[in-house]
Amino acid sequence: MAVPYADLQLQYQSIKAEIDAAIAGVIRDNAFIRGSYVDAFEREFAAAAEVAHCVSCANGTDALYLAMRALKVKPGDEVITTAHSWISTAAMITHSGATVVFCDTDDAKFTIDPAAIEAAITPRTVGIIPVHLYGQPADMDAIMAIAQKHKLWVIEDCAQAHLARYKGRMVGTFGEAATYSFYPGKNLGAMGDAGAVVTNDAALAEQMAMLARHGGLVKHQHHIEGINSRLDGMQAAILSAKLPHLASWTEARQAAAEVYDAGLNQIEDVVVPEVAPARSHVYHLYTIRHPRRDALAAHLNANGVQTAINYPTALPFLPAYARFGHRPEQFPNAHRDQGRILSLPMFAEITREQQDEVIELVRKF
Ligand SMILES: *Cc1c(COP(=O)(O)O)cnc(C)c1O
């Protein structure tokens, strides 16, 4: 049996009538840019994310840029983020004018290690961007305590963590702002690029909205120099159609993770993802560790099971950051994990039979 890594068609087929009607409505209304569909999604997503303001934008990468520009990041500033993640966070720190400072990940949970943050702070540090990687919240109590002590802002990168909670509280509500991606494969995905930045601070929200819309909210009134970063009406309508299903899709991912946990955790050499107490994991990715990762991946792929490595090179060791001359011993956990992590098929519609197939193949290996 072939098991895909993810299957976006299945989700579409399950809500085809709603998606098709949403797209038809946008075309009928000529509501391609801004307009009622975008306004409605911003309201609905703010409510779902339990924040006061949602500023939609073109993608999750722009969301990070908008948040940092609105927080007035400037050359010479240092911004701390995690060593093992997708590159957007680090790259946008650079593009907003600041210097990126990497911190190692936690030994077991893949998120930024608060002790490493404390050690990385200098008089130039202005902010911290934790990433709730794979769908598990970072250690927000510890991170917010450090931020408060050193008077730093916090932007949460929630691109992989829609609806995840830390001690009952929604991710994205701890820091000054939080960013989301609605890339098609994310837990809430558009049918193209889409993103948003959320906040409880009305002034910050207005600043971010202006930055995203050529520096002004009213045509021809440019208060600042902005960029053009828009969520288009079609994507907004699609996201509004999908949003009511997000909670049940998240529960399905969590149920699938339980099946994997139970089936895999007795197998020698397999380390299943560890979830810290009082954190809800929304399993954007189900990522195990294995000492012979490449051979295991080859075995699974040869037997029809698709896997992925998120991410094969930790950020400090990428050519893009060669200028820093980082060494493996500075980021021991990220360096170890980059050679061991393997993401297994995970999507809301995955069947028990598909999961049993994956588990059986790992057992045989
Ligand atoms: C997907 C992702 C982003 C970027 O989102 P895009 O919409 O692809 O620009 C940023 N950070 C993390 C952690 C992501 O997974």
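1. The shell around the ligand holds 3 nonpolar, 7 polar and 2 charged residues. Here Ala, Val, Leu, Ile, Met, Phe, Trp, Tyr, Cys and Pro count as nonpolar, Asp, Glu, Lys and Arg as charged, and the others, Gly among them, as polar. The shell residues are Asn-59, Gly-60, Thr-61, Ser-85, Trp-86, Ser-88, Val-131, Asp-157, Ala-159, Gln-160, Ser-181 and Lys-186.

2. Basis of the values. This is a predicted model: local features need pLDDT of at least 70, side-chain atom pairs count only at pLDDT 80 or more, and totals for chains, interfaces and linings use all residues. Residues are numbered from 1 along each chain as its sequence is written, and side-chain values use heavy atoms, with hydrogens and water left out.

3. A polar side-chain atom of Thr-61 sits 2.5 Å from a ligand oxygen. An N or O atom in the Ser-181 side chain is 2.7 Å from a ligand oxygen. For Asp-157, a side-chain N or O atom is 2.8 Å from a ligand nitrogen. Taken alone, the ligand exposes 380 Å², and the protein buries 92% of that (Shrake-Rupley method, 1.4 Å probe).

4. Helix 4 spans residues 60–70; 9 of its 11 residues are buried, so the helix is largely enclosed by the rest of the structure. Buried means under 20% relative accessible area, exposed over 50%, and partly exposed in between, with a 1.4 Å probe and protein chains only. Helices are DSSP runs of H or I with at least four residues, strands are E runs of at least two, and both are numbered from the N terminus. Among the buried residues are Gly-60, Asp-62, Tyr-65 and Met-68.

5. What caps the N-terminal end of helix 4? Asn-59 does, with a side-chain oxygen 3.0 Å from the backbone nitrogen of Thr-61. Asn-59 and Thr-61 are both among the residues around the ligand.

6. Ala-58 lies in the loop between strand 1 (53–57) and helix 4. Ala-58 is buried, at 18% relative accessible area. Its C-alpha atom is 6.2 Å from that of Asp-193, 135 residues apart along the chain.

7. Backbone geometry to check. Lys-72 is not a glycine, yet has a positive phi of about 65°. Lys-72 lies in the loop between helix 4 and strand 2 (78–82) and is exposed, at 55%. His-220 also has a positive phi, about 70°. His-220 is exposed at 67% relative accessibility, in the loop between helix 8 (202–212) and helix 9 (233–242).

8. A cis peptide bond joins Asn-310 and Tyr-311, with omega about 15°.

Technical notes: A residue is near a molecule or strand if one of its heavy atoms lies within 4 Å of it. A polar contact is a pair of N or O atoms within 3.5 Å; within protein, one must be able to donate a hydrogen and the other to accept it, and residues adjacent in sequence count only if both atoms are side-chain atoms.
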